Amino acid sequence: MHYLIGFVGLACFLLLAWLPSTDRRAAAGRLPRIAVLLLLQVALGFLLLRTGIGGTVIRAVSDTFAHILGYAAQGTAFVFGDLPGVGGSGPAFLFAVLMPIVLVSALIGILQHLRVLPFVIKYLGLLLAWVSGFGKIESFNAVASAILGQSEVFISLRAMLDDIPSQRMYTLAASAMSTVSAGILGAYMQLIDPKYVIAAIVLNMLGAFVVCSLINPYAVTAEDDARLLGEEISDSRKAQSFFEMLTEYILVGFKVAFTVAAMLIGFIALLAMINGIFAALFHGTTFQDLMGHIFAPAAWLTGIPWEEAAAAGRFMGTKLVSNEVVAMQELNRQHGGLSDRTVAIVSTYLVSFANFSTIAIVTGAVRSLSEKQGGVIARNGLRLLYGATLVSCLSATIVGLLS
């Protein structure tokens, strides 16, 4: 039965992307390409979640991050001494989960400096452009977003940013909101099963093009790509020594870690306060309980049994109004009573930056580089969040069909 519901769910989410389309006729013309992207999502999901090869890849990535977390713990212990281990409930979230972001950021900087990441981004982007039918700019951006993050990725586009049409800006921003950055993967893998983190990243990268093909269809010529890429090439990368680069990326990682910490403090405190107000006004029913009921139909369409839909919708709603880390923490602590398939679906759904705070983050990042394009992102903020949420729903539904 869950297979039938899953396929109905896929059709519903695709319809929800098509209804507010900027050009419904053009979107309908892209259906063959969308079908190819969906089949590729299912194939890659099956490879990662249901085969020995996929299991080996996931174990390798998970073990790599486990080693990185161990090395990061040594740096944290040197600076903070025994403080991370104080208390009976284990290391504080800041030390165990957020501080490793500093080391991961440094490693990304090293790979960037050695031109390893640009090579990977370029050739994966070319492959993605061939599969998706979108321009090279969009495809390079989708790969880069999964490595650099939703804010930092726009820095790599700074030379061409002012000349990018608004429709292409929508796709660039939607890709950034639909994925997550490599710098915070270690944190996610400590909160939910690593295989769903990796699967979600791959599926979301393709899913963003599925949704954008429906909600924001447009044509890109080779000449358009060549002109913009020419501007980017002419903007030679900043000359830095190895240690200048390393210092910069370490400080960026530290800033990201404490930015996440500040947002967690603020959002969790506000959520607790709003829950308290709702409970007092509505006889014990919290705001998160209400969000669970609102998201229950969407959760059911992803393949979650109806009797678990409200509980699962609670985590999905928490992600939307706060952020993915808050929702992952809640799921990590309160997943008892949910079936393994429901946990798989919800875990996959949570792995993206699709939440209200991201609108402000992406708008601010783009506005700092281009006032014009910052305005484009701000005007399309809710539409971007809508599209990125549909991407998460598609990925979660596919994982539900494969679970």
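Q: To start, how many salt bridges does a search of the whole structure find?
A: The search of this predicted model finds five salt bridges.

Q: Which residues are linked in a network of salt bridges?
A: The network links Asp289, Arg314, Glu330 and Arg333.

Q: How far apart are the closest N and O atoms of aspartate 289 and arginine 314?
A: They are 3.3 Å apart, and the two residues form a salt bridge. Aspartate 289 belongs to helix α14, residues 287-301, whereas arginine 314 belongs to helix α15, residues 306-321; the pair therefore ties together parts 25 residues apart in sequence.

Q: Which salt bridge do arginine 314 and glutamate 330 make, in terms of N to O distance?
A: Their side chains meet at 3.7 Å, N to O. This pair links distant parts of the chain, with arginine 314 in helix α15 and glutamate 330 in helix α16 (residues 324-334), 16 residues apart. Both arginine 314 and glutamate 330 are buried.

Q: What does glutamate 371 pair with?
A: Glutamate 371 forms a salt bridge with arginine 367, and their closest N and O atoms are 2.8 Å apart.

Q: Where do those two stand on accessibility, glutamate 371 and arginine 367?
A: Glutamate 371 is exposed, at a relative accessible area of 54%. Arginine 367 is partly exposed, at 33%.

Q: Changing topic: how much space lies in the second largest pocket?
A: The second largest pocket holds about 980 Å³ of space. Its lining comprises 29 residues, and those closest to its centre are Leu124, Ala146, Ile147, Ile201 and Met205.

Q: Which helices each supply at least two residues of that lining?
A: They are α3 (31-50), α4 (52-80), α6 (100-113), α7 (116-132), α8 (136-148) and α11 (194-215).

Q: Which gives the most to the lining?
A: Helix α7 does, with seven residues.

Q: How do the lining residues divide into nonpolar, polar and charged?
A: In the lining of the second largest pocket, 28 residues are nonpolar, one is polar and none is charged.

Notes:
Residues are numbered from 1 along each chain as its sequence is written. This is a predicted model: local features need pLDDT of at least 70, side-chain atom pairs count only at pLDDT 80 or more; totals for chains, interfaces and linings use all residues. Side-chain values use heavy atoms; hydrogens and water are left out. A salt bridge is a side-chain nitrogen of Lys or Arg within 4 Å of a carboxyl oxygen of Asp or Glu. Helices (H or I, at least four residues) and strands (E, at least two) are DSSP runs, numbered from the N terminus. Buried means under 20% relative accessible area, exposed over 50%, partly exposed in between (1.4 Å probe, protein chains only). On a 1 Å grid over the protein atoms alone, a cavity is a set of points where a 1.4 Å probe fits but cannot get out, and a pocket is an open set with protein on both sides within 12 Å along at least five of seven lines; lining residues have an atom within 4 Å of a point. Grid points are joined across faces, edges and corners, and a volume is the space filled by probe spheres set on the points. Ala, Val, Leu, Ile, Met, Phe, Trp, Tyr, Cys and Pro count as nonpolar, Asp, Glu, Lys and Arg as charged, and the others, Gly among them, as polar.
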